[in-house]
Amino acid sequence: MSTERVIQSLVQDLRAVRRLPATGRRLSLWLAFAVPPIALIVALMGVRNDLWERLGEGLYLAEMLVMVATGLIGGYGALAAGIPGTRRRTLLAPIVPLGAWIGLLAFQYGREWREVGATFWLDFHCIPAIAVISLVPIATMVSLIRRGSPDRRAVAVLWGTLAAAALANVGLRLFHPVDSALMVIAWQFGTVVVLTGLATAARGHLVPNAPARTAGSTPA
Amino acid sequence: MMVDERDPWTPLMDAALKGDRRAYECLLRDVTPVIHRFVRRQWSSAQASDVDDIVQETLRSLHAVRHTFQAGRPFLPWLLAIARHRLLDHRRVLVRQQSRERPIEPADETLWTVPTNTVHEGSVSAAALRHVIARLPPRQRLAIDLMGLKELSLKEASAQSGMSVAALKVASHRAIRSLRKAFGTEDR
């Protein structure tokens, strides 16, 4: 087909479309859907008894803030990835809070190792808890990512799932009483990594390569 | 319409998003040589047909994701990001196809073959075929595009499209039936 014919067919197919809202607005929309279910689960489970005491500790507070930052910056990066031409530094920005999160976990683990040695026990309670809390944030994020361009879907799904799991982890830490560093790394952070990995591996099914059809337009 | 000389395409794109076909046609015609030059610059040894394919794929992608063009953002970086992805996709497909191809050894003797049935099969022009493909429903068109034109396997097409293998089979079967119907060559 000649380029001329392609142009003609695209012009014939043109319909008015609603522009994708700015990334910040879409992030707010995601938070509006993602945070209430997390808050509801925290309310149902009941916040941990020592929460105020723990929030007074610098390390615990820093970790919570870093997880919130991973949720926000990761969410922004995921949604921005759906807009062609987004700057590379925006797409790479979630590495910063993620690195800080991993660094804090490593620091916590090193300190615990020196003070009391490695303490570890099986806690399968964390895995379904994070998976359930992450469900709505991940589903909402995926539906928002699908509205954008699929060209960078691997980055979008990677950061989107990470963001959702990070926010879910914040919720989990509000009611889950166990804070042993190795426990956190193995079960809580581990579940975040597994969820993110699974979603990224399934990105072709979550975000099809078929052109993300535009709102208000009839597919050609 | 006021046209900014530094970025003449943004106002055209804004109008196209509102459904203005004249502005859209003008935009597509204007950017075609820009994409062409960009592809040539990035891949200087490309054959003309490859460059044309990439330009056309870029135009199609532009159309499909036009709603992602952000207000107040320059048009060119947005367009060239799409073109870069289509260029990479095209080269990836070429590499994959070349890795599957094997040179055929020249045969030492002439073989008898059944001649192609050109009497009972009406010839179909490529342009007409493409025109009919363009009018297929999106899932059928995607199935034909991935498996018929790009020659991907069912598994690869499924991974790329997000459609299941079964759905792809159904879509391609329906697409072929529609094409036969369009050309009056349905099985009797």
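Predicted model: local features only at pLDDT ≥ 70, side-chain atom pairs only at ≥ 80, totals over all residues.
Residues are numbered from 1 along each chain as its sequence is written, chains are lettered from A and ligands numbered from 1 in the order in which they are written, and side-chain values use heavy atoms, with hydrogens and water left out.

**Stop 1: chain A**

Colour chain A by secondary structure and you'll get 10 helices and zero strands. Helices (H or I, at least four residues) and strands (E, at least two) are DSSP runs, numbered from the N terminus. Of the chain's 220 residues, 50% count as buried; buried means under 20% relative accessible area, exposed over 50%, partly exposed in between (1.4 Å probe, protein chains only). Take the contacts in chain A between residues at least 6 apart in sequence: 86% of them join residues at least 24 apart. Contact here means heavy atoms within 4.5 Å.

**Stop 2: A:Thr70**

Now select A:Thr70, which sits in helix 4 (residues 58-80) of chain A. A:Thr70 has a relative accessible area of 0%, so it is buried. Leave aside its neighbours within four places in sequence, and A:Thr70 still touches A:Gly75, A:Pro97, A:Leu98, A:Trp101, A:Leu162, A:Ala163 and A:Ala166.

**Stop 3: where the chains meet**

Bring chain B back on screen.

How many salt bridges does the rule find across the interface of chain B and chain A? There are three, a salt bridge being a side-chain nitrogen of Lys or Arg within 4 Å of a carboxyl oxygen of Asp or Glu. To see one, pick B:Arg86 and A:Asp151, with N to O at 2.7 Å.

**Stop 4: the rings of chain B**

Next, show the side chains of B:Trp9, B:Phe69, B:Phe75 and B:Trp78, a cluster linked by ring pairs. Rings of Phe, Tyr and Trp (its six-membered ring) pair if their centres lie within 6.5 Å; planes under 30 degrees apart count as stacked, over 60 as edge-to-face and the rest as tilted. Over all chains, the count is four aromatic pairs. B:Trp9 and B:Phe75 have ring centres 6.2 Å apart and planes at 55°, so they make a tilted pair. B:Trp9 is in helix 1 of chain B and B:Phe75 in helix 4, 66 residues apart. Both B:Trp9 and B:Phe75 are buried. For B:Phe69 and B:Phe75 the centres are 5.7 Å apart and the planes at 70°, so that pair is edge-to-face. B:Phe69 is buried too, at a relative accessible area of 1%.

**Stop 5: helix 6 of chain B**

Finish by selecting helix 6 of chain B, whose buried residues include B:Leu142, B:Ile144, B:Asp145 and B:Met147. Their cover includes helix 5, helix 7 and helix 8 (165-182) of chain B. After helix 6 comes B:Glu151, with a positive phi near 60°.
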